[in-house]
Amino acid sequence: MGNQKLEKISSDMLLSGMYLDSDLYYIVDENPVLLCHGTVIDATILDRLRDIAKQDVEIFVGEGTYQKLLKQHEYVSKLNGQIAKRYNETREVMSEFIRETSYTNQINQESMVRLVSMTRNAVDIMQPYFLLQLGSYMSDMDELLQTHSVDVAILNGMIGRWLGLGDDRIEKLISIGLLHDIGKLRIPDHILNKPGRLTKEEFEVVKLHAVYSYEMLVRSGVTDEEILTGVRNHHERITGTGYPDGLMLNEIPYFAKITAISDIYDAMISKRVYKESATPLKILDSFYRDQFSDLDPRIVNLFLEQMIRELNGKLVILSNGDVGKITYIEKMRIAYPLVDVDGTIIQTGPNCHVVSVCGEIV
Ligand SMILES: [Fe+2]
Ligand SMILES: [Fe+2]
């Protein structure tokens with residue numbers, strides 16, 4: 001700590017999506033203990049802070065950081081409340097649905113209708129900025145399946161809306177998102193949640209989930225062909241290298257192709273190991289750089305254009321802790337937009353980049 005002046009902060013001040021540009025300490029027996037280095041605040045850090053707060057321990061940051069956090073808090077707090085509430089409600093209902101399904105081994109159509117309409121509402125009411133920093137709302141305690149299913153359903157719903165589809169088809173896309181991985185309930189836990197790399201044999205077992213999801217729908221009386229194939233074929237790739245059926249570009253059902261994009265986007269933005277690098281901007285940038293050239297380029301293009309449109313004007317936090325607003329994103333340089341910080345336009349780059357996308361000023 002040297003001579004650096006520290007200031008006490010209340011743990012309530014830190015919210016998901018905020019960015020610490022210096023270390024965070026707590027004091028034990030008059031000695032500072034490092035809690036974390038500068039980072040985007042996410043649910044895992046908030047869980048740890050809550051534990052520490054129970055022990056009546058004080059936390060500290062550097063003086064300059066404190067001022068920046070104050071400003072970030074002002075913007076982020078308004079957004080977090082509404083967004084997190086709606087999101088968590090939907091995830092809770094999804095958890096219940098998963099519990100019920102794993103018990104009965106059948107999809108309860110009534111619960112499904114309720115869940116679809118709830119998700120539908122989430123798509124309509126929540127501004128798409130919610131999707132921009134999905135990972136920061138998740139906690140280690142969350143079961144991956146419920147969160148991922150809701151996320152993919154919302155993304156699917158958004159893409160459906162961008163495509164100008166009718167209500168009934170948007171609802172189908174949402175159903176596919178909610179159910180696409182439900183077959184994972186049949187994959188043994190020790191494989192599904194294995195911390196390290198899967199062996200070839202284990203991966204073959206995991207791959208079965210697409211057919212398992214499909215079979216569960218059939219068994220439960222779902223007959224809609226678009227929903228059935230959307231679920232079954234969400235891991236197909238246009239090059240024919242996907243599974244379970246190895247379909248090529250024109251053979252893959254439209255809704256399966258859309259779900260593949262939502263699925264990959266969500267997997268990337270939720271992955272903790274990427275954390276710092278997994279801002280929406282960087283992920284979209286990698287979509288643009290054709291790293292997913294086995295997805296339908298027309299849908300990827302629409303997805304990129306719409307996401308860029310949504311990101312324009314959004315509130316972001318920079319790697320120096322400043323808060324600003326995106327004013328321009330060039331498609332060739334999605335990762336480094338122009339950002340307005342208190343009236344000064346900054347060209348972001350590797351040295352000063354966006355670390356968190358919070359939303360818009362409300
Ligand atoms: Fe899947
Ligand atoms: Fe998935």
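What are the angles among the 4 donor atoms of the iron ion (ligand 1), and what does the site count as? I started my notes there.

**Entry 1: ground rules**

I am working from a predicted model, where local features need pLDDT of at least 70, side-chain atom pairs count only at pLDDT 80 or more, and totals for chains, interfaces and linings use all residues. Residues are numbered from 1 along each chain as its sequence is written, chains are lettered from A and ligands numbered from 1 in the order in which they are written, and side-chain values use heavy atoms, with hydrogens and water left out.

**Entry 2: iron ion (ligand 1)**

I looked up the donors, meaning N, O and S atoms within 2.8 Å of the metal (3.2 Å for Na, K and Ca). Water is not among the atoms, so I keep in mind that sites may look incomplete. For the iron ion (ligand 1) I found Asp 181 (OD), His 209 (NE2), His 234 (NE2) and His 235 (NE2), at 2.2 Å. Along the sequence these donor residues follow D-x27-H-x24-H-H.

Back to my opening question: the angles run from 82 to 174 degrees, and the site is irregular. The rule I used calls four donors tetrahedral if all angles lie between 85 and 135 degrees. Four count as square planar and six as octahedral if opposite donors are over 155 degrees apart and all others between 65 and 115, and anything else is irregular. For reference, ideal angles are 109.5 degrees for four tetrahedral donors, and 90 or 180 degrees for six octahedral ones.

I then checked how far the iron ion (ligand 2) sits from the iron ion (ligand 1): they are 3.5 Å apart, and Asp 181 coordinates both. Asp 181 is in the loop between helix H5 (167-179) and helix H6 (189-192) while His 209 is in helix H8 (residues 209-219), so this pair ties together parts 28 residues apart in sequence. Helices here (H or I, at least four residues) and strands (E, at least two) are DSSP runs, numbered from the N terminus.

The protein donors of the iron ion (ligand 2) are His 148 (NE2), His 180 (NE2), Asp 181 (OD) and Asp 263 (OD), and they lie 2.2 to 2.3 Å from it. I wrote down their spacing as H-x31-H-D-x81-D. With 4 donor atoms and angles of 77 to 169 degrees, the site of the iron ion (ligand 2) is irregular as well.

**Entry 3: buried or exposed?**

I took buried as under 20% relative accessible area, exposed as over 50%, and partly exposed as in between (1.4 Å probe, protein chains only). His 180 is buried because its relative accessibility is 0%. Asp 181 is buried at 2%, and His 209 is buried at 1%.

I also looked at Thr 147, which is in helix H4 (residues 144-162) and is buried at 2% relative accessibility. The side chain of Thr 147 makes a polar contact of 3.3 Å with that of Arg 91. That term covers a pair of N or O atoms within 3.5 Å; within protein, one must be able to donate a hydrogen and the other to accept it, and residues adjacent in sequence count only if both atoms are side-chain atoms.

**Entry 4: salt bridges**

How many salt bridges are there? I got 17, taking a salt bridge as a side-chain nitrogen of Lys or Arg within 4 Å of a carboxyl oxygen of Asp or Glu.

- Arg 120 and Asp 167 pair at 3.3 Å, N to O. This links distant parts of the chain, with Arg 120 in helix H3 (residues 109-125) and Asp 167 in helix H5, 47 residues apart. Arg 120 is buried, at 14%.
- Glu 305 and Lys 331 also form a salt bridge (3.3 Å, N to O). Glu 305 is in helix H12 (residues 297-311) and Lys 331 in the loop between strand S6 (323-328) and strand S7 (338-341), so parts 26 residues apart in sequence are tied together. Glu 305 is partly exposed at 41%, and Lys 331 is partly exposed at 26%.
- Lys 207 and Glu 204 form a salt bridge at 3.3 Å, N to O. Both lie in helix H7 (residues 200-207), 3 residues apart, about one turn of the helix.
- Arg 169, Lys 172, Asp 224 and Glu 226 are linked in a salt-bridge network.

**Entry 5: whole protein**

I noted 12 helices and 9 strands. Buried residues make up 52% of the 362 residues.
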